[in-house]
Amino acid sequence: MQLGVTPFFLARVSQSFVNVAVGVSLALVVVMPLALLVGLRNQLDEAITPIIMLVGALPDLAILTLLVTVIGRGNVAAVAISAFSAFFPIYFTIRQGVKEIPIDYFHVASVFKAGRLDTFSKIILPSIFPNFLTGLRLSFEFSWNVLLAVEIIASVAGVGSFISNSFQGSAHSMTYGLAAIMTVGLLTILMDRAFFERLEQRIKRWR
Amino acid sequence: MAVDNRLHVEFANVTKVYSEPPQTVTALNDISFKINEGEFVCIVGPSGCGKSTLLRMIAGLDRPSSGEIRFKGDLLTAPHPKISMVFQTFALLPWRTVLENVAFGLEVQKVPKRERENTARELLGIVGLKDSENLFPKQLSGGMKQRVGIARALAIDPEVVLMDEAFSAIDEFTAEALREEVAEIHAETQKTFLLVTHNLPEAIELADRILVLSARPARVKSIVPIELLRPRSPTSSDFVSIHKDIFSLLQAELEASIMRRRLGEIREFQKLRDMEGR
């Protein structure tokens, strides 16, 4: 019995983790070009950002629970939930990063005759990298929390639903729920230390 | 008519108008002057008169509303590979080391890594930063940052070096040392230098000629040749008398502009009074 349950809850943790990772990556692919464009073009920003703010202001847990009733309780729903909640932190931090690039950096690019591609890869990308990292970190944490909450509220497959189910069973199964909680916590710390902290250290050399 | 081989940068009836409806502001009004190859020209004028706009137009960062800017006879419409710039804010890229910053211009021109690093090292030697190539800008003082800015500008082997208030964000002692080095670099390389400054002694110390602009909308008020021997001491009587002459020109300009503004205000006031009276 015990041997059968232990891998099961780890599988649930990794299922949720992978869903968050895929969701955040998906959000990144959509957000990056959008936030860059909006940061560089004020007119586009004025047209798009109010809409995004409006969507972001809606109560996400309610919307996401509704989403589950439409697309089911499987991995697809979990990825969609993660992507949705990751969208806003990345969008706003990158947009801000682009807007804060000193105008003189663009002048340097022009005077030294950097092409569009070089201006993008050698001026814009490195300029926004610190913001990108902050956005990714926030998105990851936010997305992880929201997914777990939705898993619990709407019984979407993953570690969240495992935890809430285990709390409804015996004291024995409750131990597994607590263990799952601890694992999620450890995983979050590990992610922070092994991934984000390292990248932050790289920035600190010059920032 | 014979082509003047030494003619380098030429402004012909350049006017710059910024329009931000409902207002239009004329920054530069019918500016014409010629700069010869190898000349060191300083541009002074009341603050906000459009001196920096003028420099930015030579850099290709801004375009005249009317009139022409020519470089060696060719119309300038975009940044030119032989025209380089030093910025007031230094504008170093903080994520790049000193060496990488100096090599930036060559890098985007696809010069091979070893070659551009050798050139960059050579220039770091000239500006006295040989041992700092691996530092990041945040580790440098203001004076050192501007040395990097100067090395970066020279790395592309320009024919014209534009300096936009290049010494004004640096403490005075460091700035003085840097000015002397720039004067030396100018003497050795014989490149054309254009410096925009609001520091009159600085202009007199460095310039072959000083272009004095009037208050906005800027016109060429006067072009003053400085024929003092170098190095120039700011305490010499000739220096002092030149300073006095240009200063009174600027002061007259300033007073005139204040008068113009006052007159404008008085007219506005009269208009208002008339309207109320009606």
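The following legends describe close-up views of a predicted model of a complex. Residues are numbered from 1 along each chain as its sequence is written, and chains are lettered from A in the order in which they are written. In this predicted model, local features need pLDDT of at least 70 and side-chain atom pairs count only at pLDDT 80 or more, whereas totals for chains, interfaces and linings use all residues.

**View 1. Confidence of the prediction.** The predictor assigns the complex an ipTM of 0.90 and a pTM of 0.89. Chain B has a mean pLDDT of 92, and 97% of its residues reach 70 or more; pLDDT is the predictor's confidence in each residue, from 0 to 100.

**View 2. The open sheet of chain B.** Six strands with mixed pairing follow the order β6-β7-β8-β3-β9-β10 (chain B). Strands (E, at least two residues) and helices (H or I, at least four) are DSSP runs numbered from the N terminus, and two strands pair if DSSP finds at least two bridges between them. Because β6 (83-86) and β10 (220-225) of chain B stand at the edges with a single partner strand each, one side of each is left without a neighbour in the sheet. On average, neighbouring strands of this sheet are turned by 20° against each other, direction ignored; axes are lines fitted to C-alpha atoms, for helices over the stretch in contact, and angles run from 0 to 180 degrees between N-to-C directions.

**View 3. Strands β7 and β8 of chain B with helix α1.** Strands β7 (residues 160-164) and β8 (residues 192-196) of chain B run parallel and are joined by five bridges. Leu162(B) has Leu194(B) as its bridge partner in β8(B). Helix α1 (residues 51-58) of chain B packs on the sheet, where it touches β3 (40-44), β6, β7, β8 and β9 (209-213) of chain B. The direction of α1 makes about 150° with that of β8(B). Residues are in contact if their C-beta atoms, placed from the backbone, lie within 7 Å.

**View 4. Surroundings of Ile58(B).** Neighbours within four places in sequence aside, Ile58(B) is in contact with Val9(B), Ile69(B), Leu76(B), Ile83(B), Leu162(B) and Leu194(B).

**View 5. The side of chain A that touches chain B.** The contact takes 14 residues from chain A and 20 residues from chain B. Helices α5 (103-111) and α6 (116-154) of chain A each supply at least two residues of the chain A side. The most comes from α5(A), with six residues.

Terms used:
Contact = placed C-beta atoms within 7 Å.
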